[in-house]
Amino acid sequence: MADLDDIREGREFGRDRPADTIRFFLKGAAHLDWGLKARLARIFRPATGRTVMLAFDHGYFQGPTRGLERIDLTIAPIAAAADVLMCTRGALRSMIAPETGRPVMLRCSAGSSVLTELSNELVAVDIEDAIRLDAAGMAAQVYIGAEFEHRSIANVVKLVDTGTRYGIPTMAVTAVGKEMARDARYFALASRIAAELGAHLVKTYFVEEGFEKVALSCPVPIVIAGGKKLPERAALAMARRAIDEGAAGVDMGRNVFQSEAPAAMLQALNAVVHGGETAEQAYGMFMDLREPRAA
């Protein structure tokens, strides 16, 4: 067994040698079963190998945060413009119409709130309910370095094992505690651990310095979280840089539903991720399309 002595930081990431995608369009998925590949092809567009996810699962620990007070009024009208909807089963059943027709990345970890230690989670959805909801994927936080790191890893492992049994991919979501560094070294560590545990894709944060190494060192696709609300131009620039440096998509929430024009922002993100537009071109599109939400 490897120990903690003489751990050396990686440096040979093969920038000039892309991962093999000849047998399947996503890296790390060539040897998966048919059902897993079929669901991954719903999550990521085969034509581009990328995805624009709309995350609105925040209520499971934040409650009715701004922009999600009424999901039926803010999210449901724009849901069809996203490639994937990331949400809880409660929000899905109560406020998103099945005929929306978007694949669902089902939030499956929970058990804490903004009032308690966030890393103390459990698997909160049974695999049978995920199947019943036709989930394209299941998501759980992984808190590397946090107080309940071990429990969060066990949650991801459980989803990977049960999901693989029924052909449903697992997305590990790297979470950062209040006292933890938000840098490339940490996100490379957390993302690689998640992939080694069997996660089929990883959601992590973009960092200004070293993100390319985070993406290169993770053997499965990475999508970036939007994080806190940014000005629209800045959020689009972050998405553009992330894609250029190896991300396979974005999974944004607050930067869409807290935007002054959520529908326009979602279209602009699609232009960056799938259309190859620059951040400035996408921002111009946003400005042309925006119709500010009613006060």
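What separates Y283 and F286 in helix α12? Being 3 residues apart in that helix (residues 279–289), they are separated by about one helical turn. Keep that pair in mind for a later stop.

**Before you click**

This is a predicted model: local features need pLDDT of at least 70, side-chain atom pairs count only at pLDDT 80 or more, and totals for chains, interfaces and linings use all residues. Numbering runs from 1 along each chain as its sequence is written, and side-chain values use heavy atoms, with hydrogens and water left out.

**Stop 1: the whole protein**

Show the cartoon. The protein has 12 helices and 10 strands. These are DSSP runs numbered from the N terminus: helices are H or I with at least four residues, strands are E with at least two. The radius of gyration is 18 Å, close to the 19 Å from the globule rule for 295 residues, so the protein is as compact as a globular protein of that length. That radius is taken over C-alpha atoms, and the rule is 2.2 Å times the number of residues to the power 0.38. Along the principal axes, the C-alpha atoms fill a box of roughly 60 × 40 × 40 Å.

Colour by burial next. Buried residues make up 51% of the 295. Buried means under 20% relative accessible area, exposed over 50%, partly exposed in between (1.4 Å probe, protein chains only).

**Stop 2**

Select the aromatic side chains. There are 6 aromatic pairs. Rings of Phe, Tyr and Trp (its six-membered ring) pair if their centres lie within 6.5 Å; planes under 30 degrees apart are stacked, over 60 edge-to-face, the rest tilted.

Zoom to F187 and Y205. Their ring centres are 5.6 Å apart and their planes stand at 40°, so the pair is tilted. It links distant parts of the chain, 18 residues apart: F187 is in helix α7 (residues 184–196), Y205 in the loop between β8 (201–204) and α8 (211–216). F187 is buried at 0% relative accessible area. Y205 is partly exposed at 22%.

Ring pairs join Y186, F187 and Y205 into a cluster.

**Stop 2: Y283 and F286**

Move to helix α12, residues 279–289. The rings of Y283 and F286 have centres 6.0 Å apart and planes at 25°, so this pair is stacked. Both residues, Y283 and F286, are buried.
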